[in-house]
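Please have the structure open while reading.

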Amino acid sequence: ICRMTRDTIDQVQEDWNEQRPDLDPEPMGVVLRIQALARILGDQAAERLQEFELQWWQYDVLSALRRQGEPYRMTASELADSALLTTGAMTNRIDRLEDLGLVRRRNDARDGRKVLVELTPGGLRLIDDAAEARFSVAMDALDTLNARQRETLSNLLRLVLTAHEPR
């Protein structure tokens, strides 16, 4: 087995092991590394999104619409559910994106009571460019891993995540 490079969390685990040998620091090492990576990767992505004058919340809404495929539309409640927000909070976000000309509201042709939110052509161009940058940042972040290692890591993280996701 090759010797891994030490990180700051190794020292945290050693400190706990010395001070509280009754506690197993191994699980904490995994959790702390995930938390540290979440901060680092989030900062990297946010920095890259600034090139497009986008904040995280804007990217989330626009990408949710983009992932639907043409005509790139969803109801506000579907968008709220996808972002784990209240419909009121999502309405505020939609208003702000509409003011920027990135989305527009349309009445549902099948059900006049429903309002659909859809990407404008400008919103589509912006999210397509931003998504390319976002995917590039993700690939760069994992460039120390080969494809098989990335798949293994993804599968392991999925196991942990699905055990804790709300049903």
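The points below are grouped by topic and refer to a predicted model.

**Aromatic pair**
- The count of aromatic pairs comes to one.
- This pair is edge-to-face, because the ring centres of Trp 56 and Tyr 59 are 6.2 Å apart and their planes stand at 90°, where an angle over 60 degrees is what edge-to-face requires.
- Both Trp 56 and Tyr 59 belong to helix α3 (residues 56-66), where they sit three residues apart, about one turn of the helix.
- Tyr 59 is buried, since its relative accessible area is 7% and the limit for buried is under 20%.
- Trp 56 has a relative accessible area of 32% and is therefore partly exposed.

**Helix α6**
- Helix α6 spans residues 121-141, which makes 21 residues.
- From the first C-alpha of α6 to its last the reach is 30 Å, close to the 30 Å expected at 1.5 Å a residue.
- The buried residues of α6 are Gly 123, Leu 126, Ile 127, Ala 130, Ala 131, Ala 133 and Val 137.
- The cover over these buried residues of α6 includes α2 (26-50), α3 and β3 (115-119).
- Helix α3, one of the elements covering α6, is also the helix that holds Trp 56 and Tyr 59.

**Leu 153**
- Leu 153 lies in helix α7 (residues 147-164).
- Leu 153 counts as partly exposed because its relative accessibility is 35%.
- Leu 153 and Met 4 are 149 residues apart along the chain, and their C-alpha atoms are separated by 16 Å.

Terms used. Residues are numbered from 1 along each chain as its sequence is written. This is a predicted model: local features need pLDDT of at least 70, side-chain atom pairs count only at pLDDT 80 or more; totals for chains, interfaces and linings use all residues. Side-chain values use heavy atoms; hydrogens and water are left out. Rings of Phe, Tyr and Trp (its six-membered ring) pair if their centres lie within 6.5 Å; planes under 30 degrees apart count as stacked, over 60 as edge-to-face and the rest as tilted. Helices (H or I, at least four residues) and strands (E, at least two) are DSSP runs, numbered from the N terminus. Buried means under 20% relative accessible area, exposed over 50%, partly exposed in between (1.4 Å probe, protein chains only). The expected span of a helix is 1.5 Å times one less than its number of residues. Contact means heavy atoms within 4.5 Å.
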